[in-house]
Protein chains: 2
Amino acid sequence: MIIGGDGYCGWATALHLSARGYRVAIVDNLCRRGFDASLGLETLTPIASIHERVRTWGEVSGKHVELMVGDVCDWEFLSQVFTAFRPEAVVHFGEQRSAPYSMIDRARAAFTQSNNVLGTLNVLYAIKELAPGAHLVKLGTMGEYGTPNIDIEEGYITITHNGRTDTLPYPKQGGSFYHLSKVHDSHNIHFAARAWGLAATDLNQGVVYGVRTEETVAHPALINRYDYDGIFGTALNRFVVQAAVGHPLTVYGKGGQTRGFLDIRDTVRCIQIAVDNAAAPGEMRVFNQFTEQFSVNELAAIVGAEGKKMGLDVRVQSVPNPRVEAEEHYYNAKCTKLRDLGLEPHLLSGARRAAAARTRAAPAPPPAPSRHPVLTPAPPAPDSLLCRRPRRLAARVCAALQGPRAAGADQAGGELEGVGRRARQHDERGGRGALSGRAARRARAHAGLRRGTSQAGIFGFSFVCVARFCQSTVAQPGAA
Amino acid sequence: MIIGGDGYCGWATALHLSARGYRVAIVDNLCRRGFDASLGLETLTPIASIHERVRTWGEVSGKHVELMVGDVCDWEFLSQVFTAFRPEAVVHFGEQRSAPYSMIDRARAAFTQSNNVLGTLNVLYAIKELAPGAHLVKLGTMGEYGTPNIDIEEGYITITHNGRTDTLPYPKQGGSFYHLSKVHDSHNIHFAARAWGLAATDLNQGVVYGVRTEETVAHPALINRYDYDGIFGTALNRFVVQAAVGHPLTVYGKGGQTRGFLDIRDTVRCIQIAVDNAAAPGEMRVFNQFTEQFSVNELAAIVGAEGKKMGLDVRVQSVPNPRVEAEEHYYNAKCTKLRDLGLEPHLLSGARRAAAARTRAAPAPPPAPSRHPVLTPAPPAPDSLLCRRPRRLAARVCAALQGPRAAGADQAGGELEGVGRRARQHDERGGRGALSGRAARRARAHAGLRRGTSQAGIFGFSFVCVARFCQSTVAQPGAA
């Protein structure tokens with residue numbers, strides 16, 4: 001059972017597990033789409049409805065994913081779902097996941113804590129009462145730890161104090177009401193493990209980047225969402241978009257803020273590893289789920305250096321920090337447990353090493369085949385959902401960023417070609433006058449993009465470029 | 001502003017501060033009375049309505065306490081209250097405070113976390129937006145810490161790890177969804193202090209005993225509540241009642257569970273100290289608010305020894321522990337900060353030393369006068385609220401426990417005499433037939449008490465005895 005299976009990580013995970021033979025049910029109340037609607041935001045990649053997603057996945061893969069639309073905060077719904085599906089593992093992504101969203105105002109702070117904490121509390125009771133023995137795999141965040149001046153361990157720390165020693169939950173200092181909601185979850189889950197013998201894995205995930213997994217590129221209607229706005233978009237996403245459109249990379253404050261990052265292809269693999277290696281009854285196991293750590297300045301440098309090689313004029317601009325956070329601090333977080341269980345990470349930091357390797361190495365061998373069966377990508381479909389958004393700047397930058405490609409990477413080129421063609425057709429038909437409803441709205445966004453006046457349009461660039469960039473670098477010898 | 005000012009600690013604190021010249025507003029949604037109604041529980045001391053309490057306090061003291069009945073989870077109400085009263089300090093008792101209540105079922109667990117966490121979140125926003133500069137004095141609990149195998153510090157601990165050092169929030173391991181709600185509060189408050197510069201004092205309070213303060217004994221309608229049931233009553237309260245009625249003291253499991261305790265007269269003084277010595281802006285200061293620590297077995301031994309001296313047959317019986325908790329553990333919690341600020345505790349452990357002192361000392365000097373003006377106790381009022389409950393067993397034990405009295409202690413004897421007279425009148429009138437409604441219900445409870453068949457009645461005994469017992473011991477030289 002994937003709670004939050006319509007979201008960024010949840011959707012990719014649901015398909016990843018379904019493709020590998022797991023019996024999957026998606027539980028989601030679709031509130032993430034509601035946030036976009038209320039705040040006027042939109043994923044850069046135009047995603048299909050969850051019903052169309054699931055239907056398409058069935059057609060493409062021959063696998064059935066159950067869909068249950070409803071709210072885990074609604075106990076009546078949740079208990080029905082548990083009774084009907086009887087999960088062996090519950091992967092819980094179903095939370096409001098944006099720190100900026102939680103800090104917009106009091107109502108959204110309260111919503112975030114209520115939705116996240118009470119939803120997870122319901123999930124704990126549902127497991128206890130309706131699916132005893134089911135393994136909870138809960139998404140936490142590295143942001144629970146804050147930025148302590150000592151090494152960050154994985155969930156627990158052994159403390160010697162006044163001559164005595166104990167291993168205790170690692171002290172938490174969440175930096176927003178969102179991060180704190182996950183801190184609260186962790187404490188509640190820890191108690192449920194101790195008191196009820198519940199088996200739980202708390203995955204303190206870093207910042208996820210990338211939009212493509214083997215499954216989400218298999219058909220246009222399966223494409224994952226990509227957020228690049230100030231609420232749901234993260235630093236790396238924003239930087240790539242900014243580089244693409246010639247906007248300075250906006251670094252908050254001094255830029256020494258350091259966090260853990262990982263590729264979405266590692267997210268889905270980590271979930272699978274956690275599900276395959278269940279925690280023991282009574283254990284709340286904690287994994288720090290990231291593969292590399294970067295400061296904001298280091299991120300900006302990577303994006304800048306790669307962009308400049310492609311002929312882009314990438315500048316960096318420090319802007320006043322809207323957050324209260326340490327801008328220069330010690331940061332050293334451990335992340336060995338998932339690797340010990342078999343995670344083979346896709347690394348962004350391999351880029352520079354790979355670039356150096358290319359200058360001295362023999363011709364690179366073909367990319368290593370995936371250990372899992374790769375779905376055959378569907379042919380580009382010019383009239384599909386993926387073609388509804390114009391993206392001229394994106395196409396320019398994406399072309400500039402081309403490098404050696406891993407299997408399936410060609411799909412993006414097709415997508416972007418289709419986008420460009422559709423956009424030109426809109427232009428030729430006279431734009432708005434010939435369209436109505438959703439099509440008209442998209443055309444207006446397109447017009448804004450062309451004039452550079454639409455905030456939503458000005459950063460129009462697909463993170464596909466970054467995903468491809470990552471794929472190219474990890475395929476190089478020595479890059480990992 | 002006292003949020004939760006109708007509750008056990010809140011009411012005593014409101015009167016304590018009002019008596020000393022503070023401008024006081026009570027904010028309460030009266031949900032504690034609702035819990036009694038829904039669970040069929042009742043305070044042993046029959047308390048007046050909050051409206052009658054406040055009115056009586058005005059008559060007795062000449063001081064006005066504002067009363068605002070409503071829910072802090074209701075932002076519209078809370079913002080009106082803050083705008084109207086403009087507090088300089090916000091003392092926040094307004095939470096569901098029973099661990100067993102929070103563990104009755106899922107709905108009450110969710111209520112506890114929702115009510116406590118979102119209520120406190122609203123209070124944080126109210127201070128930030130409507131009373132910036134106001135000092136938050138928030139009641140936490142020693143139960144937030146759990147029972148670590150190292151010393152418990154006051155809120156923070158300095159950790160040296162892999163050659164580096166930081167002072168971090170003390171790791172928390174709450175033992176119920178109630179305790180966890182306070183853990184969540186502490187994390188949220190800590191963030192509000194860091195992010196908004198809010199000044200906060202988090203008081204991790206131990207188990208409170210006693211029912212009498214200088215103010216609550218000043219008039220029958222001011223008497224505080226005394227809970228002795230399995231949901232809201234605590235170990236010491238239950239033991240005293242059990243000893244009084246000849247029931248074995250029920251020790252959960254091995255009885256090695258150790259906790260911090262304090263007299264309610266110290267609770268109100270601690271709040272005053274915290275209010276008088278505000279935290280700095282941006283600081284979440286943590287005080288461990290208790291004065292002594294005892295194991296359950298030690299508590300039973302104290303109650304048993306004192307009871308036997310009074311001729312009571314006090315036995316101890318181990319019963320299966322309904323909680324998941326360590327029954328034998330290390331426990332050493334620090335509690336020096338409030339004493340450093342002037343707290344002079346009333347100690348229960350002085351009892352044995354005082355008893356020893358009496359055998360060798362000259363006649364004891366009269367009790368030291370209180371440092372605060374003592375309100376003149378009202379004369380016993382046979383027809384007052386305090387006389388509505390029959391309490392023959394209580395009267396017997398209370399008489400047996402008589403010792404040297406501090407000022408005002410005579411009031412309890414009057415109360416109990418009145419109770420006994422009223423009960424006899426009920427008996428003489430033929431009991432139930434002559435009564436109706438609330439009176440009939442009380443009469444039936446009385447009948448149950450006499451037959452020993454009513455669970456509510458069988459433990460009919462006033463904690464007044466313990467309060468008097470404490471007063472007597474701390475008045476002895478060398479007892480503190």
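Modeller: First, a term for helix packing: axes are lines fitted to C-alpha atoms, for helices over the stretch in contact, and angles run from 0 to 180 degrees between N-to-C directions. Helices (H or I, at least four residues) and strands (E, at least two) are DSSP runs, numbered from the N terminus. This is a predicted model, where local features need pLDDT of at least 70, side-chain atom pairs count only at pLDDT 80 or more, and totals for chains, interfaces and linings use all residues. Residues are numbered from 1 along each chain as its sequence is written, chains are lettered from A and ligands numbered from 1 in the order in which they are written, and side-chain values use heavy atoms, leaving out hydrogens and water.

Colleague: At what angle do H1 and H9 of chain B pack?

Modeller: About 60 degrees, with the axes of H1(B) (residues 8–19) and H9(B) (residues 264–276) 9 Å apart. That makes H1(B) oblique to H9(B). Angles under 35 degrees count as roughly parallel, over 145 as roughly antiparallel, 65 to 115 as roughly perpendicular and the rest as oblique.

Colleague: Is the crossing left-handed or right-handed?

Modeller: H1(B) passes H9(B) in a right-handed crossing. A crossing is right-handed if the near helix is turned clockwise from the far one by less than a right angle, left-handed if anticlockwise.

Colleague: Which residues of H1(B) and H9(B) meet?

Modeller: From H1(B), they include Tyr8(B), Ala12(B) and His16(B); from H9(B), Ile264(B), Val268(B) and Ile271(B) are among them. Contact means heavy atoms within 4.5 Å.

Colleague: And how far apart are the axes of H4 and H6 in chain B?

Modeller: The axes of H4(B) (residues 75–85) and H6(B) (residues 106–130) are 10 Å apart, at an angle of about 40 degrees. H4(B) and H6(B) are therefore oblique to each other. The crossing is right-handed. Trp75(B) and Phe82(B) are among the H4(B) residues that meet H6(B), whose side includes Tyr125(B) and Leu130(B).

Colleague: What follows H4 in chain B, up to strand E4?

Modeller: A loop that holds Arg86(B), with E4 at 89–92. Phi of Arg86(B) is near 50 degrees, positive in a residue other than glycine. Arg86(B) is partly exposed, at 46% relative accessible area. Buried means under 20%, exposed over 50%, partly exposed in between (1.4 Å probe, protein chains only).

Colleague: What is phi at Leu30(B)?

Modeller: Near 65 degrees, again a positive value in a residue other than glycine. Leu30(B) sits in the loop between strand E2 (24–28) and helix H2 (31–39). Leu30(B) is partly exposed, at 23%.

Colleague: Switching to Tyr170(B). Buried or exposed?

Modeller: Buried, with a relative accessible area of 2%. Tyr170(B) is in the loop between strand E7 (164–169) and helix H7 (177–196). Beyond neighbours within four places in sequence, its contacts include Tyr145(B), Pro148(B) and Tyr156(B).

Colleague: Over to chain A. Which residues of H2 are buried?

Modeller: Arg32(A), Phe35(A) and Asp36(A), in H2(A) (residues 31–39). Seen down the helix axis, the buried residues fall within an arc of 100 degrees, so they line one face of H2(A). The arc is that of the directions from the helix axis to the C-beta atoms. They pack against H5 (99–102) and H6 (106–130) of chain A.

Colleague: How many helices and strands does chain A have?

Modeller: 17 helices and 14 strands. Buried residues make up 61% of its 480 residues.
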